[in-house]
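Subject: The two-chain model, with notes

Hi there,

Here is the model I promised to pass on.

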Amino acid sequence: MRLSDLPKGASAVVECVDDAQAADPIAQRLRDLGFVNGEPVRVVAVGPMGGDPVLIQIGFTRFALRRAEASRISVRTEVAA
Amino acid sequence: MSASTLRIALVGNPNCGKTALFNQLTGGRQKVANYAGVTVERKEGRFTAPSGRMLQILDLPGTYSLEANSPDEQITRDVCAGNFPGEAPPDLIVCVADATNLRLHLRFVLEVKRLGRPVVLALNMMDTARQRGITIDVPELQRRLGVPVVETIAVKRGGARALIERVDGEVPAAPAMAADEAASHADLHAQVRELLAATVSMPRATAEVDDALDRWMLHPVFGLLILAVVMFLVFQAVYFVGKPITDAIGDGFGWMGEQVSAWMPAGPLQSLVNDGLFGGLGTVLGFLPEILVLFLFIIVLEESGYLPRAAFLLDRLMLSVGLTGRSFIPLLSSFACAIPGIMGTRSITDPRDRLTTILIAPLMTCSARLPVYALLIGAFIPMRRVFGVFNLQGVVLFSLYLAGILGAMLVGWVMKHIRRDKSEHALMMELPSYRLPKVRDVAIGLYERGMIFLKRLTGVILGLTVLMWFLSTFPGAPEGATKPAIEYSFAGYIGRALQYVFAPIGFNWQISLALIPAFAARETAVAALATVYLVGGDGAGLGDALAGQISLASALSLLVWFAYAPQCMSTLAIIKRETDSWRNVAISFGYMFVMAYAASFIVYQVARMLS
């Protein structure tokens, strides 16, 4: 499942970030920002037009990601208790 | 203690409070310049430590990672690594981290540590951390990190004392580099998790007040309403607070010019002082109020954390024309004047988005075009009702504003498609905690903007104004001349030469001539037309004179020309200054000229066929 598929308010756990092309700087930066395996994320808000961008809570930080960016992030929804 | 200077580089993630800390340390003693060859701002300050040692502090651009994605991040990387040409390697790196956001910021600290240079970690915003019940075991963090850790509160007087004491003492040894330092991202993040688990207890991931505010600010309906109110206030303030002061400054210098020239014998020197020097100073300094009012809002909105929220709400809309949410405020303020708008693009992080915004900002109808619009609409467009409710004159004025916006959208769209670099533009924007802006930080920011404008542009704009004065004054009218002096001047010759270029769009030589002083400031086109048509003053008489001598098609063509034309020279000067490239000035001038010419051509030819 992709982070961009999550509805507003949903929580998930990051699996990995996939490069959209070879040496994708955006994917690289997403990993730097903390989107790495096992990190819990939550969709806090979505933009007023077309639900784009999405606002993601990760760690103690909130990042606004465009849908194209969020779709690079693979997540699983079953939250480990 | 040695009397030698200690070079300190201040680094950290965006929103770590680094600049506030820099302001706290150096006060007003800052030097703002550009790094050689790029338009990234270089901020340096110095202060004398209690020991008498001089500390020289470089405020490096904020970055999330040393794996640089943009020019400003590359500078941070290269300066820290000590291989930026012309920049001595720092003796000490002070890494600033927001104590309430350590999950993100500690990773960067680990990355900086791997450079193998002496590092001190400043845990900033400790006051907020305490309020939110966050506890940090500083001695344990220091032990595990292997670098000195000090607590700071950048926004409080004396909040940097611990940091000053630490950097004034012995320079800490560079952290040992482990042999296998090619740690992967996952490794760095794993280290951060370990550090957090051992040293930090966090009752809540975010501040409750942020959650509550964001529920309103980012709401699809209320959020947009709040945004509309904020935008309205910004626009009104630039237009209705900045503009009258601007006019007053212009009038003030006009009056001073008259007073001074009253003491001088009539002649070229008197004209130079009155029209060239004082007129030019009035123009240049007149931009200052609008710039300061706009930047007051931009700085307050940025510092408070609202600007990224506004960008979040508008991003989708702006993206559809090849821009970013952050382009909106600079473009909005360009309706008052493009100069502060172009300076305001500094808050746009992606350099390509910034350039697009700079290039289309002059298409927003600025207030200097209004006198020209008012004159031509008043003279040529009848006061008539359309569809029973609208005033035709108002409809034409509105259409001109709309033409500018549609033109800008078109240019944005075209630029998106002809750009060679097709790589995706990233948003990836952090929405920081809401904060109350500090008066000192706002004041320092405003002072910097004002000084940059005055220092770098006064000379250029003043020089160009004097040049325009020269062209319209020399050579003087011969003895017994019956026509206005300007007809005999260089401007008169150029105007006559230009009429062949402008004939297809319906401009006679008088209009072509008026375009020359209009290049200095658009509103002067009215005065120039008044001069060539021999009308005293620039009031209603000119409208009648124009209506008698210019066809409706030419007038419409001129209106459209002013909507798109490459003006004024101050705008071109600020584009040069902000992008540090004559190429961008040429592109900007060239595309607007072509666009204005094409649009005027169509309007003129169609209007002639219909009439």
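Predicted model: local features only at pLDDT ≥ 70, side-chain atom pairs only at ≥ 80, totals over all residues.

**Chain A**

Let me start with chain A, which has 2 helices and 5 strands. Along the sequence these follow the pattern β-α-β-β-β-α-β. The C-alpha trace of chain A spans about 35 × 30 × 25 Å along its principal axes. Of the 81 residues in chain A, 49% count as buried. As for its contacts, if you take those between residues at least 6 apart in sequence, 58% join residues at least 24 apart.**Where the chains meet**

The contact between the chains takes 29 residues from chain A and 31 residues from chain B. On the chain A side, α1 (25–32), β2 (40–49), β3 (52–58), β4 (61–65) and α2 (67–70) each supply at least two residues. The largest share of that side, 6 residues, comes from α1(A). By class, the side of chain A that touches chain B has 14 nonpolar, 8 polar and 7 charged residues.

A sheet also crosses from one chain to the other. Its 6 strands form an open sheet in the order β5(A)-β1(A)-β2(A)-β3(A)-β4(A)-β12(B), with antiparallel pairing. At the edges stand β5 (73–76) of chain A and β12 of chain B; each has a single partner strand, so one side of each is left without a neighbour in the sheet. Helix α11 (residues 306–319) of chain B packs on this sheet, where it touches β2, β3 and β4 of chain A together with β12 of chain B. The direction of α11(B) makes about 60° with that of β2(A).

How many bridges join β4(A) to β12 of chain B? There are 2 bridges between β4(A) and β12 (residues 429–430) of chain B, and the two strands run antiparallel. Phe63(A) stands opposite Glu430(B), and Ala64(A) has Met429(B) as its bridge partner.

**The seven-stranded sheet of chain B**

Chain B has an open sheet of 7 strands in the order β2-β3-β4-β1-β5-β6-β8, with mixed pairing. Its edge strands are β2 (30–34) and β8 (149–151) of chain B, each of which pairs on one side only. From one strand to the next the twist averages 25°.

At the β8 end, β6 (residues 119–124) of chain B is joined to β8(B) by 3 bridges, and these strands run parallel. Within that pair, Ala122(B) has Val150(B) as its bridge partner.

- α5 (residues 138–145) of chain B touches β6 and β8 of chain B, and its direction makes about 150° with that of β8(B).
- α6 (residues 161–168) of chain B touches β1 (6–12), β4 (54–59), β5 (92–98), β6 and β8 of chain B, and its direction also makes about 150° with that of β8(B).

Further along the sheet, β1(B) and β4(B) pair in the parallel sense over 5 bridges, whereas β3 (residues 41–48) of chain B and β4(B) run antiparallel and are joined by 6 bridges.

**A covered helix and a loop residue**

Elsewhere in chain B, please take a look at α22 (residues 552–564). This helix has 13 residues and reaches 19 Å from its first C-alpha to its last, close to the 18 Å expected at 1.5 Å a residue. Is α22(B) mostly covered or mostly open? It is mostly covered, with 12 of its 13 residues buried. Among them are Leu556(B), Trp561(B), Phe562(B) and Tyr564(B). The cover over the buried residues of α22(B) includes α15 (370–380), α16 (392–418), α19 (509–518) and α24 (582–610) of chain B.

Finally, Asn508(B) lies in the loop between α18 (490–502) and α19 of chain B. Is Asn508(B) buried or partly exposed? Asn508(B) counts as partly exposed because it has 17 C-beta neighbours inside 10 Å. The C-alpha atoms of Asn508(B) and Arg496(B) are separated by 8.4 Å, and the two residues are 12 apart along the chain.

Happy to go through any of this with you.

Best wishes

Notes
Residues numbered from 1 in each chain as written. Chains lettered and ligands numbered in written order. Contact = placed C-beta atoms within 7 Å. Helix = DSSP H or I, 4+ residues; strand = E, 2+ residues; numbered from the N terminus. Nonpolar A, V, L, I, M, F, W, Y, C, P; charged D, E, K, R; others polar. Pairing = 2+ DSSP bridges. Buried ≥ 20, exposed ≤ 12 C-beta atoms within 10 Å, placed from the backbone. Axes fitted to C-alpha atoms, helices over the stretch in contact; angles between N-to-C directions. Expected span 1.5 Å × (residues − 1).
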